[in-house]
Amino acid sequence: MTSIAIPSGMPQYDDVPRLDVARVRADFPILDREINGHPLVYLDSANTSHKPRQVLDVLGEHYARHNANVSRSVHTLGTEATEAYEGARAKIAAFLNASSPDEVVFTKNSTEAINIVAYAFSNASLRPDGDPRFRLGPGDEVVISEMEHHSNIVPWQLLCERTGATLRWFPVTDQGRLDESGLDDLVTERTKIVSLVHMSNILGTVNATSRITARVREVGALLLLDCSQSVPHLPIDVVDLDADYIVFTGHKMCGPTGIGVLWGRGELLAAMPPVFGGGSMIETVTMARSTFAAPPARFEAGTPPIAEAVALGAAVDYLTGIGMPAIQWHEKELTAYALEALGSVRDLRIFGPTVPVGRGGTISFALGDVHPHDVGQVLDSLGVQVRVGHHCAKPVCSRFGVPAMTRASFYLYTTTEEIDALVAGLEQVRKVFD
Amino acid sequence: MVQLDQLYQEIILDHYKHPHGRGLRDADDPGDQVAEAHHVNPTCGDEVTVRVATDGAVLHDISYDGMGCSISQASASVLHELLRGRGAGEAFEVHEAFVELMSGRGQVTPDEDVLGDGVAFAGVARYPARVKCALLPWMAFKDAAARAGVGVSPEVKA
């Protein structure tokens with residue numbers, strides 16, 4: 001191996017922010033578990049991440065000490081709960097470099113966040129005074145990609161059914177990258193919204209969005225990025241990203257389940273009609289009609305997941321304390337290690353980019369013709385937890401001609417020893433099925 | 001690996017690697033009713049098509065095709081072995097016994113005289129995530145048989 005010296009004065013490899021993985025692991029109680037007599041090797045963080053004590057404590061503490069409903073009580077507990085809930089919103093806004101906490105709408109998850117945008121479009125389409133940016137009808141187009149999670153496909157299929165608009169999509173290359181070659185034909189004056197995954201949950205690809213953003217701006221469409229897999233793993237700055245909406249979910253970023261985020265440019269959220277009607281989202285209500293609160297309340301009907309939001313705020317504090325650049329670099333090193341280690345396994349085919357550039361720490365593969373269910377079952381008997389199946393991305397499986405894939409995914413607490421355990425486990429799979 | 005050996009019995013692996021009667025076939029007897037059913041497991045994408053050829057009394061052939069894990073594919077092979085050529089009533093008794101075994105969470109002792117190689121699936125019943133894999137061809141068979149005009153068996157409570 002040759003090493004190339006980086007000239008002094010330039011950033012050196014040692015300058016990269018790093019994390020101490022042993023110290024990180026000590027924060028996650030579940031990592032002490034044994035599975036089937038083996039130490040837990042959790043390689044399914046793209047599915048859901050584990051939660052550090054710092055987040056679990058805040059979740060418990062909220063219910064134990066500060067429990068009350070939000071935004072409606074003058075009493076002390078109500079005020080504490082409201083401050084904690086709105087404080088979490090502010091933390092998330094700062095985490096994303098959003099210009100205002102009001103741009104952060106709490107949702108149940110990414111799926112709900114995408115559906116809110118899709119239903120706001122169809123609601124606007126039904127109103128004669130609907131903002132023309134959201135009005136869809138026959139002749140209009142929605143553009144997605146073949147790389148999407150079902151949650152970024154089905155809501156748009158349903159929207160197109162409701163409005164008569166046409167759904168189109170970017171293909172995926174053999175290397176598992178977004179095929180942008182037809183960009184100018186795909187995104188045109190007919191396009192009203194482009195909704196793309198930022199990092200693929202199955203191929204691991206991180207899409208470079210700047211060319212697409214430029215084209216979206218040129219034709220006057222809107223851009224939504226599904227950042228479910230990127231916000232937990234990369235520093236995300238919505239100003240840099242220059243999207244109109246991003247969505248992500250709390251449980252993949254050390255937070256609890258049941259809480260997600262729709263971030264939208266303030267001016268756009270303000271122009272969108274409501275989707276769910278109910279308490280907390282109104283300005284005034286008479287028996288004949290209602291007027292609506294400004295965002296984000298307009299999109300948060302009913303009692304929200306308060307404790308979950310507060311705990312998501314704690315997760316953001318935790319991730320910020322470790323440092324998102326350090327997490328990103330840790331995972332980049334793991335990914336490079338894993339791509340090389342998996343590449344050494346006989347008859348193993350990686351789907352998606354095989355270099356640790358423009359991709360994250362989520363690697364899907366096939367082991368010969370052993371079915372992923374069987375791969376996952378044997379690995380589980382060794383304590384190694386991977387996801388198997390179509391990963392809610394059936395079009396990607398079809399694109400690569402397989403019914404299912406096996407996926408290993410990493411996070412800030414993953415170690416190279418765990419990747420070694422995966423590779424050793426795959427040898428065991430061979431023994432059973434060869 | 002002891003637990004795993006219960007799941008992946010030699011018999012299952014053997015049926016998986018050397019499936020019996022695989023491939024969809026036309027009926028030998030042109031008088032037979034032929035019907036098929038295609039079932040998928042939406043959580044994993046496994047698929048199987050089971051075709052039944054029957055004169056209403058005897059299941060002359062049960063053919064199948066599909067793609068999926070060792071459990072679902074071996075189960076289809078065992079289904080073919082066990083039920084082809086059987087009388088409809090008899091076949092549904094076997095069907096019922098297999099469904100009972102798979103719904104038993106590992107607490108049901110299978111009768112080898114009834115289930116033959118199907119007893120190898122006793123270990124699968126301990127793995128709730130895999131029970132649907134084992135049942136996939138059996139549920140497709142039930143639908144195909146109903147479409148071909150023969151019997152029904154109790155609903156599965158998975």
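Start by selecting A:Leu225, which stands opposite A:Ile246 in E9(A). Before going on, note that this is a predicted model: local features need pLDDT of at least 70, side-chain atom pairs count only at pLDDT 80 or more, and totals for chains, interfaces and linings use all residues. Residues are numbered from 1 along each chain as its sequence is written, while chains are lettered from A and ligands numbered from 1 in the order in which they are written.

**Stop 1: strand E9 of chain A**

Select residues 245-249 of chain A, which make up strand E9. Strands here (E, at least two residues) and helices (H or I, at least four) are DSSP runs, numbered from the N terminus. E9(A) is mostly covered, with five of its five residues buried. A residue is buried if 20 or more other C-beta atoms lie within 10 Å of its own, exposed if 12 or fewer, and partly exposed in between, with C-beta atoms placed from the backbone.

Which way do the side chains go? A:Tyr245, A:Val247 and A:Thr249 point one way, A:Ile246 and A:Phe248 the other, and all are buried. In a regular strand the side chains alternate between the two faces of the sheet.

Strand E8 (residues 222-226) of chain A runs parallel to E9(A) and is joined to it by three bridges. Strand E10 (residues 260-264) of chain A is antiparallel to E9(A), with five bridges between them. Two strands pair if DSSP finds at least two bridges between them. Click A:Ile246 again: its bridge partner in E10(A) is A:Trp263.

**Stop 2: A:Phe299 and A:Val275**

Jump to A:Phe299, in the loop between strand E12 (290-292) and helix H10 (306-322) of chain A. Buried or exposed? A:Phe299 counts as buried because it has 24 C-beta neighbours inside 10 Å. Leaving aside neighbours within four places in sequence, A:Phe299 is in contact with A:Val105, A:Ile116, A:Leu262, A:Pro274 and A:Val275. Contact means that the C-beta atoms of two residues, placed from the backbone, lie within 7 Å.

From that list, pick A:Val275, which sits in the loop between helix H9 (266-271) and strand E11 (282-285) of chain A. A:Val275 counts as partly exposed, with 19 C-beta neighbours inside 10 Å. Not counting residues up to four places away in sequence, A:Val275 touches A:Ile116, A:Tyr119, A:Ala120, A:Asn123 and A:Phe299. Draw a C-alpha to C-alpha distance from A:Val275 to A:Tyr119: 6.1 Å in space, for 156 residues in sequence.

**Stop 3: the two domains of chain A**

Zoom out and colour chain A by domain: domain 1 is 14-43 + 323-433 and domain 2 is 56-321. Those bounds come from an automatic or database domain assignment. The domain centres, taken over C-alpha atoms, are 28 Å apart. Their contact takes 23 residues from domain 1 of chain A and 23 residues from domain 2 of chain A.

On the domain 1 side, select helix H11 (324-343), strand E14 (362-367), helix H13 (394-399) and strand E17 (405-409) of chain A, each of which supplies at least two residues. H11(A) gives the largest share, five residues.

**Stop 4: where chain A meets chain B**

In total, 14 residues of chain A are in contact with 14 residues of chain B. The largest share of the chain A side, five residues, comes from H12(A).

**Stop 5: chain B**

Chain B has six helices and three strands, running α-α-β-β-β-α-α-α-α from the N terminus on. Of its 158 residues, 46% count as buried.

Pick out the open sheet of three strands in chain B, with order E1-E2-E3 and antiparallel pairing. Its edge strands are E1 (33-41) and E3 (59-67) of chain B, and each pairs on one side only. E1(B) and strand E2 (residues 46-54) of chain B pair in the antiparallel sense over nine bridges.
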